Amino acid sequence: MSYVDEVIAQVIEKNPAQPEFHQAVKEVLESLRVVIEADEEKYRKDALLERIVTPERQLLFRVPWVDDKGQVQVNNAFRVQFNSAIGPYKGGLRLHPSVNLGIIKFLGFEQIFKNSLTGLPIGGGKGGSDFDPKGKSDREVMAFCQSFMTELCKYIGADTDVPAGDIGTGAREIGFMYGQYKRIRGLYEGVLTGKGLSYGGSLARTEATGYGLLYLTEEMLKCNGHDIKGKTVCVSGAGNVAIYAIQKAQQLGAKPVTCSDSTGWIYDPEGIDVALLKEVKEVKRARLTEYAAKRPGAEYHEGRGVWTIKCDVALPCATQNELTLDDAKALVANGCIAVAEGANMPTTLDATEYLQANKVLFAPGKAANAGGVATSALEMSQNSERLSWTFEEVDSKLKNIMVNIFHNLDDAAKKYGMEGNYVAGANIAGFLKVADAMQAQGIV
C-alpha cells in the first residue's frame with residue numbers, strides 16, 4: 001500500500017463518524033500523490049503526512065448561558081488549532097446547529113492550505129459551536145458570546161491564534177467576543193478579525209470573500225480565453241459571500257440571476273437587485289420570499305434548484321456538499337464553462353470529477369474563497385502597525401493576492417503534468433510551502 005493510501009486509511013480509522021474530515025483529507029492527499037511518491041521514503045520517515053492530518057491541538061468545551069426566560073442553556077464548542085508551521089493559527093468561528101468536531105476539523109484542515117496559498121504568514125485553525133444565533137435576542141447572543149470567550153480566551157492571542165467570523169458569526173458576535181476578551185485579558189490587541197471599523201477592523205473585510213472570488217474567477221476565465229463581461233452567473237447562498245459576489249460580478253459586467261437561502265431560491269432574469277437583497281438579508285434578516293414579493297419578474301421556488309438555471313459561470317456560496325453530481329450534470333448540459341467555490345467544499349467529490357472530466361474550469365474553495373482570510377491577515381497587519389488603510393488600498397492588495405493565487409496554482413498544476421487541474425494545483429502549491437516549513441522546524 002502506498003504511503004498516501006496508508007494515511008487515508010489511518011485517518012478514517014482514527015476519526016470515526018467524521019465524514020466531512022475524511023472527504024477533505026482524501027481530496028487533498030489524492031492530488032498530492034504525484035508529489036509524495038516522488039520522494040515517498042523521505043516523507044514517510046518524517047511521518048509528514050501523519051503530522052499534517054493530525055491537529056496540533058483540539059479544544060472541546062461547554063458553553064453555559066442564560067436565555068431570556070431565565071433558563072440555563074448549554075452548547076458544545078470547539079477550537080481546532082491545526083497547523084502553525086507558517087504563522088499563528090487563523091480561521092473562523094462557525095455558529096450553527098450542524099457544528100461538530102468533524103466539521104471543524106475538515107474546515108481547519110482546508111484552512112492550512114488556503115492560508116498558505118495567500119502568501120501571508122498564517123497557519124490553519126477553525127472553531128465554533130452548535131449554538132444557533134437565528135431567532136435569539138441581542139442579549140441572548142451576548143450572553144452566549146461572553147461565556148464562549150471566557151473559556152476560549154485562554155488559548156488565543158494576536159501571535160498565537162487569531163479567530164474570525166464565519167457562518168453565524170458576524171459583526172455583532174465578533175464585537176461581543178472581543179469586548180469579553182479585552183475585559184478578561186486586559187489586552188487591546190488584534191486577537192479577532194472581522195472587527196468593527198471603530199475598534200480595529202479593516203475596510204473591505206465585509207466584501208472580501210465575495211470580491212476575491214470574482215477576482216480569481218475573472219483571472220481564470222481570462223487565462224483560458226474568456227471575458228467575464230456579459231456572462232450569466234448563477235450564485236447559491238444569500239449571506240455575506242453570496243451578496244458581495246453578486247455585487248462584484250455586476251461591477252465586472254456579468255449578470256448574476258440567482259441566489260438562495262435555507263428554504264428556497266430566487267431566479268431573477270433581469271439580474272439580482274443587490275440593494276433589495278441587502279435590505280432583505282442584512283437589514284431585515286428575512287427570507288427570500290420578501291425579495292420576490294418586492295421584485296416583479298423574480299421567481300421564488302421552494303427547496304433546491306439554483307443549478308437548473310442556464311448559466312456560463314456557477315458560484316456555490318452556501319455550504320458544504322451543496323452541488324451534487326446531478327447538479328453538475330445539469331450545469332454541463334446547460335453549457336456552463338466555469339465553477340468557482342465561494343463556500344468551503346460546496347461541491348461533492350463526484351461532482352468535481354464530473355465537471356473536470358467535461359472540461360469545466362473549476363476553482364476550489366481553498367483558492368477561490370481565500371479573499372476573506374487574506375483580508376483578515378491584512379487586518380492583522382494594520383492592527384500590528386496601529387494603522388488603517390483605505391478601502392482602495394485593501395481592495396488593491398486583495399486583487400493582487402487573488403490573481404497571484406490563481407497563477408501559483410496554475411503553475412503548480414503545469415509543473416506536475418496536470419495542466420488545468422486547479423484542485424491539484426491549489427493543494428500542491430499550498431502543501432509545498434507548509435511541508436518545507438515543517439521540515440525546517442524539526443519534529444514538533
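Let's start inside helix H9, where Val-241, Ala-242, Ile-243, Tyr-244, Ala-245, Ile-246, Gln-247, Lys-248 and Ala-249 are buried. Buried here means under 20% relative accessible area, exposed means over 50%, and partly exposed is in between, using a 1.4 Å probe and protein chains only. So H9 is mostly covered, with nine of its twelve residues buried. Helices (H or I, at least four residues) and strands (E, at least two) are DSSP runs, numbered from the N terminus.

Before going on, please keep in mind that this is a predicted model: local features need pLDDT of at least 70, side-chain atom pairs count only at pLDDT 80 or more, and totals for chains, interfaces and linings use all residues. Residues are numbered from 1 along each chain as its sequence is written, and side-chain values use heavy atoms, with hydrogens and water left out.

Back to H9. What covers its buried residues? The cover includes H8, E6, E7, strand E8 (258-260) and helix H10 (274-283), where contact means heavy atoms within 4.5 Å. Just after the helix, Gly-253 takes a positive phi of about 95 degrees.

Five strands form an open sheet in the order E7-E6-E11-E12-E13, and the pairing is parallel. The edge strands are E7 (255-256) and E13 (361-363), each pairing on one side only. Two strands pair if DSSP finds at least two bridges between them. Strand E6 (residues 232-236) and strand E11 (residues 313-316) run parallel and are joined by four bridges. If you want a spot to look at on screen, find Val-235, which stands opposite Leu-315 in E11.

Follow the chain on from E11 and you reach Glu-322, in the loop between E11 and helix H12 (325-333). A salt bridge is a side-chain nitrogen of Lys or Arg within 4 Å of a carboxyl oxygen of Asp or Glu. Glu-322 does have a polar contact of 2.6 Å with the side chain of Ser-236. A polar contact is a pair of N or O atoms within 3.5 Å; within protein, one must be able to donate a hydrogen and the other to accept it, and residues adjacent in sequence count only if both atoms are side-chain atoms. Leaving aside neighbours within four places in sequence, Glu-322 also touches other residues, among them Trp-307, Pro-316, Cys-317 and Pro-346.

Now for charges that do pair up. How many salt bridges does the structure hold? There are 26. One of them joins Glu-379 and Lys-195, with the closest N and O atoms 2.8 Å apart. This pair links distant parts of the chain, 184 residues apart: Glu-379 is in helix H15 (residues 371-385), and Lys-195 is in the loop between helix H7 (171-185) and helix H8 (205-223). Are these two buried or exposed? Glu-379 counts as buried because its relative accessibility is 0%, and Lys-195 counts as buried at 7%.

Compare that with Glu-219 and Lys-222, whose closest N and O atoms are 3.5 Å apart in their salt bridge. They are three residues apart in helix H8, so they are separated by about one helical turn. Glu-219 is buried, at 10%, whereas Lys-222 counts as exposed at 54%.

A further salt bridge joins Lys-284 and Glu-290, at 3.7 Å from N to O. Lys-284 is partly exposed at 39%, and Glu-290 is partly exposed at 31%. Salt bridges can also form a network, as with Asp-5, Glu-30, Arg-33 and Glu-37.

One last stop is Leu-93, in strand E3 (residues 89-95). Leu-93 is buried, with a relative accessible area of 0%. Leaving aside neighbours within four places in sequence, its contacts include Phe-148, Leu-152, Ile-167 and Met-177.
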